[in-house]
Amino acid sequence: MTPLGLKTFRIFLLLASAPGIERHLTRLVKAALDWWSGKKIAVIGPTASGKDSFLARLQNREIPPVHANSAMGEKVKSFPVKLTLSNHRVIAITCKGVINIGGETDYRDAPSGWLAVCKGADVVFYIMTVSDLSRKKFRKGRRIRQDLDWLLTALPHLKPDALLHILINKIDTQIESHTDYQLLAQELAHDLAELDRTVRTVLHPYEARYTGATLISMKNKQIYTRAINSVFRAVYSAFQETAPSQKAG
Amino acid sequence: MIAMQAYWILPNRNQGDDVLASDGGKIVPLRQILEPRLRPEGFSHGVPSELLEKCGAEQSAQVMFAQRFPQWNGNRQLFLVATPAGLDVSGRVVHLGVLFILEPGESPSFELPCAGLPEQERSHARALLRRMRSARRDDTWPQSVRELCELAPRYGPATNVELQRSVVPFHSLYELGPSGLTRKPTAWGKARKRSMWALLVLAAIGIWCAERACQHAPRPLVLSGASTCRFS
C-alpha cells in the first residue's frame with residue numbers, strides 16, 4: 001500500500017470513530033456467518049458509483065484494464081467471497097446469479113433493468129458516492145432521491161424479507177482533498193444523519209428493511225476490507241432486529 | 001415510403017444520469033425517443049463488456065456490436081449498432097451507437113447526418129458510417145453487421161456476435177474467439193457435419209461387424225499346393 005493510501009486509511013479509522021458515523025458495532029458471530037452463506041445480493045446505483053469495482057473487490061481481483069460503462073445487463077459467473085475478520089475468522093459466501101447492470105436511469109426503468117436484478121435478492125446494496133452525499137443529491141427531485149422513490153415502488157415486488165444497505169463510495173477522495181479532518185467528520189455525520197432521515201421517510205412503510213449506510217472506498221483495499229466487515233455486521237444485526245417484528249406481523 | 005427513424009446514442013462522457021440521443025441535430029434524453037419501459041429485454045446501449053474483455057485493450061476499439069429486435073412494439077423493428085468511442089471523465093470506455101426504428105421489411109441505411117453532433121463525437125460517428133458503407137472484406141465486424149441487417153425476422157432477437165453473458169438469449173451469426181471474429185457454422189452446415197460423422201461411425205461399425213462375421217464363419221477347405229498331371 002502506498003504511503004498516501006495508508007494515511008487515508010488511518011484518517012478513515014479516525015473518521016469512523018467519530019459519533020454518528022458508525023453505529024453498528026455488533027460482533028460478527030457464528031450465526032451471522034451462517035446467515036450470510038448462500039445469500040443472493042443485488043448491486044445497483046448511479047453510473048460511475050463503483051458497482052463494477054465492488055464486484056471486482058468481492059471477487060478479490062483488481063479492476064480490469066478494459067473497464068467500460070456497462071451497456072447492458074450481463075451475467076457474472078458465480079464466485080466465492082472470503083472476508084478475513086479481525087479475529088482471523090473467515091466469512092465464506094458464494095455469490096450466485098449476479099447480474100451487472102448500468103447506472104443510468106434508462107437501466108433503472110427498463111423491464112430487464114434494476115427490478116429484474118433485485119428480484120430474488122436477499123440484500124440489495126445501493127451504491128452512491130460521497131460527493132452525492134455532500135451535494136445533497138438525496139433531496140427532492142435529485143438523482144439519489146429519484147432512486148429512493150424507485151426503491152419504494154420496487155420493494156413490494158422484492159422478496160418480503162429483502163434488506164437494503166447503502167454504500168457511500170469514494171471516501172478516500174474526500175479524505176485526500178481535506179486537511180481539517182475534524183470538520184470533515186462533523187460534516188459527514190451531519191450529512192449521514194440527513195440521508196438516514198430521508199431514506200426512512202421515503203421508504204415508509206418499508207423503513208425497517210433499511211439497514212443503514214456505510215462509508216467505503218473500493219479503491220483503497222484497507223478501507224474496503226474494514227468497511228465491508230462493518231457492512232456484513234450491520235446487515236446481520238438489522239436482520240436480527242427486523243426478524244421478530246416480521247414474524248409477529 | 002421510407003419510414004426509417006435513426007438516432008445517435010451518445011457516449012456518456014460526463015457520467016450523467018440519462019443516456020442522451022440525437023437525430024443529428026438536437027440532443028435529447030434517449031427516454032424521450034424510446035421509453036425505457038418499451039425497451040425489449042436485453043436491449044443494449046453500447047458494446048457489452050464481455051466483447052471488450054475478449055478483445056483486449058488493443059483490439060477493442062474495432063469492435064462493432066449490433067442487435068436486432070423484429071416485431072417490436074407491434075410490427076416494427078429495432079436495430080442498434082454500437083462501437084467504443086473513447087473514454088469518459090474517469091477513464092472508462094464509452095460507446096457511440098445508432099438506433100434505427102424500422103417498419104417491417106425495412107433495412108437500416110447508413111447515410112446519416114452527423115454534422116450536428118458534439119465535435120468530440122463527430123469523428124467517431126463518421127468512422128462508424130465509413131466502416132459500415134465500406135465493402136472491405138477484411139473488416140469482419142461491419143460485415144457481420146451487414147449480415148445481421150439481412151437476417152430473416154423469423155430468427156427473432158439476434159446479435160451479430162455471440163454473447164455468453166447476456167441475460168436474454170439471442171440468435172447470433174458470428175463468434176469471437178482467439179483468432180478473432182469468425183462466422184458460425186450455419187444450421188445446414190452443422191447438420192451436414194453431423195451426418196458426415198454419423199456416416200463415418202456407421203462405416204467403421206460396418207467394417208468391424210464384417211470382420212467379426214468373417215472370423216466366426218466356417219472356413220471353406222482350401223487346398224494349396226501343386227498338382228502335376230502327366231500326359232502320356
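A residue is called buried when its relative accessible area is under 20%, exposed when that area is over 50%, and partly exposed in between, as found with a 1.4 Å probe on protein chains only. The legends below concern a predicted model, in which local features need pLDDT of at least 70 and side-chain atom pairs count only at pLDDT 80 or more, while totals for chains, interfaces and linings use all residues. Residues are numbered from 1 along each chain as its sequence is written, chains are lettered from A and ligands numbered from 1 in the order in which they are written, and side-chain values use heavy atoms, with hydrogens and water left out.

View 1. B:Cys114 is buried, with a relative accessible area of 8%. The cysteine sulfur closest to the sulfur of B:Cys114 belongs to B:Cys149 and lies 18 Å away, which is too far for a bond. A disulfide is a covalent bond between the sulfur atoms of two cysteines, and here a pair of cysteine sulfur atoms is counted as one when they are within 2.5 Å. Over all chains, a search of the whole structure finds 0 disulfides. In chain A, A:Cys118 has 0% relative accessibility and therefore counts as buried.

**View 2. The interface of chain A and chain B.** With contact taken as heavy atoms within 4.5 Å, 22 residues of chain A are in contact with 37 residues of chain B. Buried area is the accessible area (1.4 Å probe) that two parts lose on being put together, summed over both, and for these two chains it is about 2600 Å², of which 53% is on carbon and sulfur atoms. The interface holds 4 salt bridges, each being a side-chain nitrogen of Lys or Arg within 4 Å of a carboxyl oxygen of Asp or Glu. One of the salt bridges joins the side chains of A:Glu74 and B:Arg165, at 3.7 Å from N to O.

View 3. Helices (H or I, at least four residues) and strands (E, at least two) are DSSP runs, numbered from the N terminus, and chain A has 10 helices and 8 strands. After α3(A) comes A:Asn60, whose phi is positive, near 55°. Of the 249 residues in chain A, 59% are buried.

View 4. B:Glu121, in helix α3 (residues 119–133) of chain B, counts as buried because its relative accessibility is 5%. Leaving aside neighbours within four places in sequence, B:Glu121 is in contact with B:Leu10, B:Pro11, B:Arg13 and B:Leu96. B:Thr159 belongs to strand β7 (residues 158–161) of chain B, and at 0% relative accessibility B:Thr159 is buried as well. Not counting residues up to four places away in sequence, B:Thr159 touches several residues, including B:Phe65, B:Leu148 and B:Phe170. A polar atom of the side chain of B:Thr159 lies 2.8 Å from the backbone oxygen of B:Val161.

Definitions and conventions: A polar contact is a pair of N or O atoms within 3.5 Å; within protein, one must be able to donate a hydrogen and the other to accept it, and residues adjacent in sequence count only if both atoms are side-chain atoms.
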